[in-house]
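Please keep the sequence and the coordinates at hand while reading.

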Amino acid sequence: MKKSFLSSSLRLIASSVLPGVLLFSALSSVADEASVKKALEAAYPKIKVDSVTKTSYAGLYEIFMGGQIIYTDEKFSFLIAEGRLVDPKTKKDITGERLDELTKIDFNSLPLDQAIKVVKGNGARKLVVFSDVDCPFCKRLEQNELTKINDVTIYTFLYPIEQLHPDAANKSRSIWCASNRVKAWQEWIFNNKLPTSTAKCEVPLEKVGELAHKIGVNSTPTMFFENGKRMLGAQPADEIEKSLQTAKK
C-alpha cells in the first residue's frame, strides 16, 4: 500500500501553511547553491537537504530532500512544494526527469538473493519489486499488469509495512520459508492461500527493511529497472514494458 506521497520533510514544511507556493519573509540575499542550502537548513534544522542545484529557469534553485524536489529563489523568499516545472517549448516534465535521475540506484548492488526470483519466458530482462504481502496495490500489480509481461526475471523483495498491515511480516515469513517459495508467493497472490506448513528458516525481512530505507523505498509497490530508475505504484503493463525496454538500451 502506498504511504502518503508527500515526504515527511515536506509535511514538516507544509504543516502550518497553505499547499502550493509557500511564502516566507525574505532573508538576506544568498547568491549560490551552498548559501541556499545553508539558509534552508537554518530555517528547518530537522530537515536533511540532499542537494541544491541552480536551474536555468528564472533563477530557480532545485532542492532535493526526502526523495522530493522543491524550489526556491536565491533570496530564499519562497518555497514551491508539490509543484512541477515544465518546459513550455518541449512540454517536458523537468521535475519528473530530475527526480528520475536523483533517485536512481545502483541496480547491480542489490542483494537479489534476498528476493523471490520468478523467471518468465527467457528471463532476459530484470525487474525488482518491493512488495507488501497485504498491500492491495501490490496484488493488483501482480494480477493485472505483470501477468502481461514476458521475457523478464522478477525479483520480489518482501517488504511488510507493519504499521499498516500488522500480520504482513508473519505472512512474509510463511512464504519465504516454504519449500517452494515461488509457488507459495504465486499461491498467495493469485489464490490468497498461504502454505499450510513451513519450516523455520532465516528470513531477511530486517535486511530488506534496511535496504529499503537506504534506497528510499517508502511505499509499495516500488519497482526498479536495470538502469537504476524507479517506478511507484501499480502502473499499467505498457508503461512497465516501455521502461524495461529503455533499461536494456
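Two strands are said to pair if DSSP finds at least two bridges between them. Helices (H or I, at least four residues) and strands (E, at least two) are themselves DSSP runs, numbered from the N terminus. The model is a predicted one, in which local features need pLDDT of at least 70 and side-chain atom pairs count only at pLDDT 80 or more, while totals for chains, interfaces and linings use all residues. Residues are numbered from 1 along each chain as its sequence is written, and side-chain values use heavy atoms, with hydrogens and water left out.

In these terms the chain has eight helices and ten strands. Of its 249 residues, 45% count as buried, where buried means under 20% relative accessible area, exposed over 50%, and partly exposed in between (1.4 Å probe, protein chains only). The accessible surface of the chain comes to about 13300 Å², and carbon and sulfur atoms account for 51% of that surface. These areas come from the Shrake-Rupley method with a 1.4 Å probe; for residues, only the protein chains shown count as cover. A contact means heavy atoms within 4.5 Å. Among contacts between residues at least 6 apart in sequence, 66% join residues at least 24 apart.

Strand S3 (residues 61-65) runs antiparallel to S4 and is joined to it by five bridges, with Tyr61 opposite Thr72. Two residues lie between the strands of this hairpin, where Gly66 takes a positive phi near 60°. S4 also pairs with strand S5 (residues 78-80), in the antiparallel sense and over two bridges; here Thr72 stands opposite Leu79. The hairpin of S4 and S5 has five residues between the strands, and Phe76 takes a positive phi near 55°.

A further sheet is open and consists of five strands in the order S6-S8-S7-S9-S10, with mixed pairing. Strand S6 (116-120) and strand S10 (230-232) stand at the edges with a single partner strand each, so one side of each is left without a neighbour in the sheet. On average, neighbouring strands of this sheet are turned by 20° against each other, direction ignored. At one end of the order, three bridges join strand S9 (residues 222-225) to S10 in an antiparallel arrangement, and Thr222 has Leu232 as its bridge partner. Helix H8 (residues 237-248) packs on the sheet and touches S7, S8, S9 and S10. The direction of H8 makes about 130° with that of S7; axes are lines fitted to C-alpha atoms, for helices over the stretch in contact, and angles run from 0 to 180 degrees between N-to-C directions.

Which residues touch the most other members of the largest nonpolar core? They are Val128, Phe130, Ile215 and Phe224, in a core of 16 residues. A nonpolar core is a set of buried Ala, Val, Leu, Ile, Met, Phe, Trp, Tyr and Cys residues joined through side-chain atoms within 4.5 Å. Strand S7 (125-131), strand S8 (152-158) and H7 each give two or more residues to this core, and H7 gives the most, with three. Apart from this core lies another, of 15 residues, among them Ile116, Leu158, Ala168 and Trp188.

Phe224 touches, among others, Ile105, Phe107, Leu127 and Arg230. Phe107 itself lies in the loop between helix H3 (94-102) and S6 and is buried at 5% relative accessibility. Beyond its neighbours within four places in sequence, Phe107 is in contact with residues including Lys126, Val128, Phe225 and Glu226. The C-alpha atoms of Phe107 and Asn227 are 6.8 Å apart, although 120 residues separate the two along the chain.

The cysteines complete the picture. The chain has one disulfide, a pair of cysteine sulfur atoms within 2.5 Å, and this disulfide joins Cys177 to Cys201 with an S to S distance of 2.0 Å. The torsion about the S-S bond is about -85°, so the disulfide is left-handed. Cys177 lies in the loop between helix H5 (168-176) and helix H6 (181-191), and Cys201 in the loop between H6 and helix H7 (205-214), so the pair ties together parts that are 24 residues apart in sequence. Cys177 is buried at 12% relative accessibility, whereas Cys201 is partly exposed at 35%. Cys135 is buried at 1%, and Cys138 is buried at 2%.
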